[in-house]
Amino acid sequence: MTRSHRPRHHFALALTVALPLLLAACSGQYPNSTFTDLTDLNRDARGLWNLMIWLGIGVFVFVEALLVYVMIRFRRRPNDPEPEHVHGNTKLELAWTILPAFVLVIIAVPTVKSIWKFNTGAPANALQVDVIGHQWWWEFRYPEHNIVTANELYIPTGRPVNFTLRSADVIHSYWIPQLGGKRDVVSNRVNTLWFTPDSVGTQAFNGSCNEYCGASHANMRFRAYTVSPDEFDRWVVGQQATAAFTASAPAAPPAAPAAGGATTATPVAEQAPAPPAAPGYVFPREQLPTHVVPKTPIPAGLTFDENLLAAGDAQRGQQAFISCIGCHKVRGNPQAVGVIGPDLTHIASRHTIAAGLFPNDPRHMALWIKNARKMKPMGAMSMPTLGMGEVDPILKTAVTRSTGGLTDQQIADIVAYLMSLK
Ligand code: CUA
């Protein structure tokens, strides 16, 4: 090889390295990609996207080729006379008007068809889900089944699902990228969205708010689970049941703290009589893909004694839960009828808390109760800071007994109670 060939050789080598990298960028795992074939809506959108990309490539290649041809064919040569000056060419002008119009028609026909299909009401057999956007969490209501839940959506595969989108306050936007959609949730207006998760099995997906809605817009997430019709029916039965914890059980002495700090939930079943086995289905925790498991760090300076959690008493917790009943509902607990915050009837069956921000385990739940406003930026009307001695990030004052503060022991008891609400 001679010296003069080196640059070309280097270029070829660089291309050989870059090309696989470039191609690799187009494949692989994109857990929040909207280019999926998992629902009829996403398939239609993907089809339209592909059509437009290929037409765009065609137009680009045609125009560039024409440009290069004209540049070479009609380039200026030595001694060329002054080119002829012309104005107007009917044939050419007709061609470059009709050709783009033709391309637009090819795009418009399937586009209008899809818009028509997905904006003229869901099929009659669709599952109705009322979605209510709150600052900063999602409420899901299943009017057909009389179920209210929060931040975790279960939908059966193979059946259209029709979302009715409302806002309790400001404008939000509802989106599960892999299943399709993205639609604004507007105050004083009802929007709808429907699709059929027809090409997907039992899977978990991320959903989020996509319209800036205040301090915790980025923390207004949710999870969507597509499950088989049978799993969905079992989930419905479980959710329809009232909270499993029975308040009439005698309180047992607190369990001894586990050696080395327990990491598991309080063994509530040993303290209260076991409720009848709930037939309720819950998406298996071990099947959760890593991209739906929250990894939000805990703010510095916020701690909770794990030994206290191990000794939490669900019976006492239900009594201490009186601090929460003004905002939260727990069906089966006649005192807890609040509707400002999420319905907690089956809170223990959820995999996340704080609108998908933290995993639902005793430790995160305890920290959340202790100082939620530190865990997630919120407004003055939100979940209050409850931990005794904690400084409220909004009020800038420390929580005391007179302001309704809870001791770590009381919080541990409440956690034990909540973790019993399967
Ligand atoms: Cu709700 Cu952004």
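**Sheet and pocket in a predicted model**

Biologist: What is the strand order in the open sheet of 5 strands?

Modeller: The order is β3-β2-β1-β5-β8, with mixed pairing. Strands here are DSSP E runs of at least two residues, helices H or I runs of at least four, numbered from the N terminus; two strands pair if DSSP finds at least two bridges between them.

Biologist: And which strands stand at the edges?

Modeller: β3 (147-150) and β8 (191-195); each has a single partner strand, so one side of each lacks a neighbour in the sheet. The twist from one strand to the next averages 25°.

Biologist: What kind of model is this?

Modeller: A predicted one: local features need pLDDT of at least 70, side-chain atom pairs count only at pLDDT 80 or more, and totals for chains, interfaces and linings use all residues. Residues are numbered from 1 along each chain as its sequence is written, and side-chain values use heavy atoms, without hydrogens and water.

Biologist: How many bridges join β1 to β5?

Modeller: 7, between residues 127-134 and 161-167, and the two strands run parallel. Val-131 stands opposite Leu-165 in β5.

Biologist: Switching topic: which residues lie nearest the centre of the largest pocket?

Modeller: His-328, Gly-341, Pro-342, Trp-368 and Met-383, out of 37 lining residues. A pocket is an open set of points on a 1 Å grid over the protein atoms alone, where a 1.4 Å probe fits, with protein on both sides within 12 Å along at least five of seven lines; lining residues have an atom within 4 Å of a point.

Biologist: Which helix gives the largest share of that lining?

Modeller: α8, with 3 residues.

Terms used
Axes fitted to C-alpha atoms, helices over the stretch in contact; angles between N-to-C directions.
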